Amino acid sequence: MILRVFLGVLLGVAILVPVLPVQAANEGSQASETRSAYVTVAGAPGDGEKALAAAVTNRLTAAGLKAATAFEASVYEIQGTVRVTPASGINEKVRIVWVVFSPEGKQLGVVSQERFIRKGSLDRKWGGAADAAAQGAVADILKLLPRAD
């Protein structure tokens, strides 16, 4: 698996940006097998990296994808980057950018989420916030993946 470093350059990208479609020849080979996905998250405060990765993985699994590890081949990779910035008063802004890659390493698209929260509320446990973020992101992430027939 090719390791990629996401530098956060895509933070200004629109909500859903399809990039390159997966070639028809690749769709046939993926469609006959169970599709697998590996999810990573960076930059989240508290337990956010672990909680978000687990929540997105659980929702993708519920949608029919198999959870994969970083050491497996032929998997979709979903990279999440979290940025928390100060906002007015007692709030802060949380922005999560999900970049979706095909098993061949081609960027399929980007899903972006943004929400204002009470300052410090994610500094320890994300709890239901991780599941809510996953619920919001996974529907759009699935739109970027080729359908398994």
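**Strands and core, question by question**

Reader: Which residue in β6 is the bridge partner of Val 100?
Author: In this predicted model, Val 100 has Gly 109 of β6 as its bridge partner.

Reader: What makes β5 and β6 a pair of strands, and in which sense do they run?
Author: Two strands count as paired when at least two bridges link them. Strand β6, residues 107-118, is joined to β5 by 11 bridges, so the two are called a pair. They run antiparallel. Together they form a hairpin with five residues between the strands, and Gly 105 in that turn has a positive phi of about 90 degrees.

Reader: How do you know that β4 and β5 pair?
Author: The test is again at least two bridges. Strand β4 and strand β5 (residues 91-101) have 10 bridges in the antiparallel sense, and therefore they pair. Val 82 stands opposite Ile 96 in β5, and Gln 79 has Val 99 of β5 as its bridge partner. The hairpin of β4 and β5 has four residues between the strands; Gly 89 takes a positive phi near 60 degrees there.

Reader: What about β2 and β4: is their pairing parallel or antiparallel?
Author: Parallel: six bridges link β2 (residues 36-42) with β4 (residues 76-86). Tyr 38, for instance, has Glu 77 in β4 as its bridge partner.

Reader: Why is β5 called largely enclosed by the rest of the structure?
Author: A residue is buried when its relative accessible area is under 20%. Nine of the 11 residues in β5 are buried, so the strand is largely enclosed by the rest of the structure.

Reader: Which residues have the most contacts inside the largest nonpolar core?
Author: They are Leu 52, Leu 60, Trp 98 and Trp 126, in a core of 31 residues. Two or more residues each come from β2, α2 (48-62), β4, β5, β6 and α3 (128-144). The largest share, seven residues, is given by α3.

Reader: Leaving aside neighbours within four places in sequence, what is Leu 52 in contact with?
Author: Contact here means heavy atoms within 4.5 Å. With those neighbours set aside, the partners of Leu 52 include Val 41, Val 82, Ile 96, Trp 98, Trp 126 and Ala 130.

Key: Residues numbered from 1 in each chain as written. Predicted model: local features only at pLDDT ≥ 70, side-chain atom pairs only at ≥ 80, totals over all residues. Heavy atoms only, no water. Buried < 20%, exposed > 50% of the residue type's maximum accessible area, 1.4 Å probe, protein only. Core = buried A, V, L, I, M, F, W, Y, C linked by side-chain atoms within 4.5 Å.
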